[in-house]
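Hello,

I am handing over the structure that you asked to look at, and below it I have written out what was found. Please keep it open beside you as you read.

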Amino acid sequence: MSGIVLPDLSRFQASGRETCFHDRHVGAQIYAGLDGRNWRLKDYEARGGYRALRKILGQDGGAGLTPEQVVAEVKASGLRGRGGAGFPTGLKWSFMPRALPVQKYLVCNSDEGEPGTCKDRDILAYNPHIVIEGMAIAAYAMGTTVGYNYIHGEIFEIYERFEQALREAREAGYLGDDILGSGFKFQLHAHHGFGAYICGEETGLLESLEGKKGQPRFKPPFPASFGLYGKPTTINNTETFAAVPWIIVNGGDAYLKIGKPNNGGTKIFSMVGDVERPGNYEIPLGLPFAKLLELAGGVKGGRKLKAVIPGGSSAPVLPASVMMDLTMDYDSIAKAGSMLGSGAVILMDETRCMVASLLRLSYFYMHESCGQCTPCREGTGWLWRMVHRIEHGQGRADDLKLLDSVAENIMGRTICALGDAAAMPVRGMIKHFRDEFAYHIEHKRCIVGPGAQHAHKAAETAAA
């Protein structure tokens, strides 16, 4: 390590997040009624918690629901995976071979490591029982008897909170070998990671759960047939499981009507960056971005919005002029050339340098590459080094073409999507803000900022 100067990461630490305790949610279901103190079992039951589990087990005076009926309700809801990919949840559940006489597993992906994303940790900290109930319902629907919640290692206090909630649920009979006297068996365990971003990829997560190095697996075989310990496994995100109890109590059709076709229900968005009131906002899918920005108090300091990354750092950036006309749902964002992803909305105002922003993102992906695939292991380093020299006045005339070429050759050529995640921000920045990168290369300085503005004025005066 001698002679190597590492970046100072302390200046990247977030501050001022309002979290989820405010009155600006729209139709909140998961965050409804939370105040930071009412996370325990008695509080959750007072809000109607575990009604859905009682309903499917016939403990509410009704006939109960068959596993097939539960899957059908989730399909009808239009619920799509809230972790990033947006795959239909009910369809994923139907892939589980219920009749196969082997051990089957259920896994919750709470390895929230996407930069800008802070929604799942709030769910686990302030409404953990909604995740437990959602997982129990999913286990019933798919015939799984053992589940794990893999929690990001850098939020250990959240892991401890979830362990407390698990103890309460077991003592109350909501987990165990004979849940509520119904004969339904489901054991749920918490497992903490060690902060590796790559373990957010589902097969890397499975490797880590098995006690191995968290490196992604080749697919196929897919987890539904060969997952944890080589057995059929279904993996969903924290927010996905948290949405399930409302669907079972109120019906899939009611959930779908809250959003829009193919985009049912509410979604939690982490509003971060240059925004007046950063934090988590639960809104119906399909709400205009302009309305979401208004809920968050607008751009910080009344400045002009320049760009938005709509789905976490791995989603391609979109110019403000494009973003202001979009609605917040999977299909609208995809048609605009980006992704809804994890739901982290990173806002950048007119004072932000796109080259400096990309430099930070590129360093992150270089640092977090597991090194298993050559295109990602080597390519992410090339991307960072090229952006670094552009930012520091050493850019070359062919750097933009080379950047785009390297990014293109990473995409689709790695075992998991981290390579794509590293390449897409690069390609998006060059596509929409090419002039800014070209200015950096030609003039050896930034086009934005106080120094740049002073230089522009001086140049205009000299020209006059």
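The largest cavity is lined by 13 residues, and those nearest its centre are Ile198, Cys370, Cys373, Cys376 and Cys416; on a 1 Å grid over the protein atoms alone, a cavity is a set of points where a 1.4 Å probe fits but cannot get out, and lining residues have an atom within 4 Å of a point. This is a predicted model, in which local features need pLDDT of at least 70 and side-chain atom pairs count only at pLDDT 80 or more, while totals for chains, interfaces and linings use all residues. Residues are numbered from 1 along each chain as its sequence is written, and side-chain values use heavy atoms, with hydrogens and water left out.

The volume of the largest cavity is about 70 Å³, where a volume is the space filled by probe spheres set on the grid points, which are joined across faces, edges and corners. Its lining divides into 8 nonpolar, 5 polar and no charged residues, counting Ala, Val, Leu, Ile, Met, Phe, Trp, Tyr, Cys and Pro as nonpolar, Asp, Glu, Lys and Arg as charged, and the others, Gly among them, as polar.

Cys376 also belongs to the buried residues of helix H15, which include Trp384 and Arg389; buried means under 20% relative accessible area with a 1.4 Å probe, protein chains only. Helix H15 covers residues 374–391 and reaches 26 Å from its first C-alpha to its last, close to the 26 Å expected at 1.5 Å a residue, a span taken as 1.5 Å times one less than the number of residues. Helices are DSSP runs of H or I with at least four residues, numbered from the N terminus. Among what covers the buried residues of H15 are helix H14 (354–368), helix H16 (399–410) and helix H17 (418–443). After H15 comes Gly393, with a positive phi near 75°.

Elsewhere, Thr19 lies in the segment before helix H1 (41–46). Is Thr19 buried or exposed? Thr19 is buried, because its relative accessible area is 11%. Leaving aside neighbours within four places in sequence, Thr19 is in contact (heavy atoms within 4.5 Å) with Asp122, Tyr126, Pro278, Gly279 and Asn280. The side chains of Thr19 and Asp122 are also joined by a polar contact of 2.3 Å, that is, a pair of N or O atoms within 3.5 Å, of which one must be able to donate a hydrogen and the other to accept it.

Best wishes

Note on methods. Helix = DSSP H or I, 4+ residues; strand = E, 2+ residues; numbered from the N terminus. Buried < 20%, exposed > 50% of the residue type's maximum accessible area, 1.4 Å probe, protein only. 1 Å grid on protein atoms, 1.4 Å probe; cavity = no way out; pocket = protein on both sides within 12 Å on 5 of 7 lines; lining within 4 Å.
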